[in-house]
Amino acid sequence: MKIKLSASIMCANFSHLARDIRILEEEGVDYLHFDIMDGHFVSNFTMGPGILASLRKITNLPFDTHLMIEKPDRYISAFIEAGSTFISIHVEACPHLDRTIQLIKKKGAKVRVALNPATPLCRLDYILEEISSVLVMTVNPGFASQRLVPSTISKIEKLKKIIEKRALNIDIAVDGNVSFINAPLMVKAGASVLVCGSSSIFHPELGIKEGMAKLRESLNL
Ligand code: DX5
Ligand code: ZN
């Protein structure tokens, strides 16, 4: 499966978003990842659909929108109308998960279902056939620059085996501390979509170009 790189915009320079997106396009990133936080599901805030709608006008890159919010059903239409290609929702925030998945698909976006590090894979049992990908959180959600939760590597391996056994064509996306060291381990375990923030593409000691080049080198891409 082709490895896709999804740049975590919460780690971009918010005073130069258009410039950073231009560089990401030139460097061949596959998606722009928007971490949406409401101060309830996670203790942090980031951005709303208005930012996505503005950026939709300046780039054709697919928007990979990650809703780390309570009751996401309320905002799915707004984020899809703002230009989201993928919508990630957390099982932990969706008591009616199947209904939420159907809502996203009805509105025309692709569904990623996200699991926090401590959430077991069995929560996917009855919806795996309905979705395009699983988003395995490899850190506890809410903040950039956190450390990988080590057990998530074997979680990716277990999920890959489940997907293969059920002969499904589903990506495993990973989000959090996708570093130059961790990225190869995540891909070896079965990840094919890497959400990359301050640990790689937006590494504080490197520019975007250098971060992308070093990440590709670490993955032999
Ligand atoms: C966690 C965030 C981060 C973000 C930044 O909620 O979603 O994972 O992508 O990535 P890192 O961990 O590289 O700063
Ligand atoms: Zn995310």
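Two strands count as paired if DSSP finds at least two bridges between them. With that settled, here are my notes on this predicted model.

1. **Strand E1 and its neighbours.** E1 and E8 run parallel and are joined by four bridges. E1 also runs parallel to strand E2 (residues 31-37), this time with three bridges, and there Tyr-31 is the bridge partner of Ser-6.

2. Five of the five residues in E1 are buried. In a regular strand, side chains alternate between the two faces of the sheet. Here one side carries Lys-4, Ser-6 and Ser-8, the other has Leu-5 and Ala-7, and both faces are covered. Worth a look in your viewer: Lys-4 is on that buried list too.

3. **The β-α-β unit.** E1, H1 and E2 form a right-handed β-α-β unit. H1 spans residues 17-26, and its buried residues are Leu-17, Asp-20, Ile-21 and Leu-24. They line one face of the helix, because they fall within an arc of 100° when you look down the axis of H1. As a reminder, an α-helix has 3.6 residues a turn, so residues three or four places apart point the same way. The buried residues of H1 pack against E1 and E2, and also against helix H2 (49-56) and H7. Just after the helix, Gly-28 takes a positive phi of about 80°.

4. **Glu-25.** This one also sits in H1, but Glu-25 is partly exposed, with a relative accessible area of 27%. That label applies because buried means under 20% and exposed means over 50%. Leaving out residues up to four places away in sequence, Glu-25 touches Ile-58, Thr-59, Asn-60 and Leu-61. What joins the side chains of Glu-25 and Thr-59? A polar contact of 2.6 Å. The two residues are 34 apart in sequence, with their C-alpha atoms 8.3 Å apart in space.

5. **Helix H6.** In H6 (residues 182-189), the buried residues are Asn-182, Ala-183, Met-186 and Ala-189. They cover an arc of only 130° around the axis, which puts them on the same side of H6. Their cover includes helix H5 (151-165), strand E7 (171-175), strand E8 (193-196) and helix H7 (208-219). Just after H6, Gly-190 takes a positive phi of about 135°.

6. **The nonpolar cores.** The largest core holds 64 residues, and the members that touch the most others are Leu-32, Ile-89, Val-113, Leu-194 and Ile-201. There is a second, separate core of nine residues, with Phe-86, Leu-135, Ala-173 and Val-193 among them. Not counting residues up to four places away in sequence, the contacts of Val-113 include Ile-89, Val-91, Leu-97, Ile-101 and Leu-124. Leu-135 is also on the contact list of Val-113, even though Leu-135 is a member of the second core.

7. **Ser-88.** Buried or exposed? Ser-88 is buried, with a relative accessible area of 0%. It lies in strand E4 (residues 84-90). Apart from residues up to four places away in sequence, Ser-88 touches Asp-64, Thr-65, His-66, Leu-67, Arg-112 and Leu-135.

Definitions and conventions:
Residues are numbered from 1 along each chain as its sequence is written. Chains are lettered from A and ligands numbered from 1 in the order in which they are written. This is a predicted model: local features need pLDDT of at least 70, side-chain atom pairs count only at pLDDT 80 or more; totals for chains, interfaces and linings use all residues. Side-chain values use heavy atoms; hydrogens and water are left out. Helices (H or I, at least four residues) and strands (E, at least two) are DSSP runs, numbered from the N terminus. Buried means under 20% relative accessible area, exposed over 50%, partly exposed in between (1.4 Å probe, protein chains only). Contact means heavy atoms within 4.5 Å. A polar contact is a pair of N or O atoms within 3.5 Å; within protein, one must be able to donate a hydrogen and the other to accept it, and residues adjacent in sequence count only if both atoms are side-chain atoms. The arc is that of the directions from the helix axis to the C-beta atoms. A nonpolar core is a set of buried Ala, Val, Leu, Ile, Met, Phe, Trp, Tyr and Cys residues joined through side-chain atoms within 4.5 Å. A crossover is right-handed if, with the strands pointing away from the viewer, the path from the first strand over the helix to the second runs clockwise.
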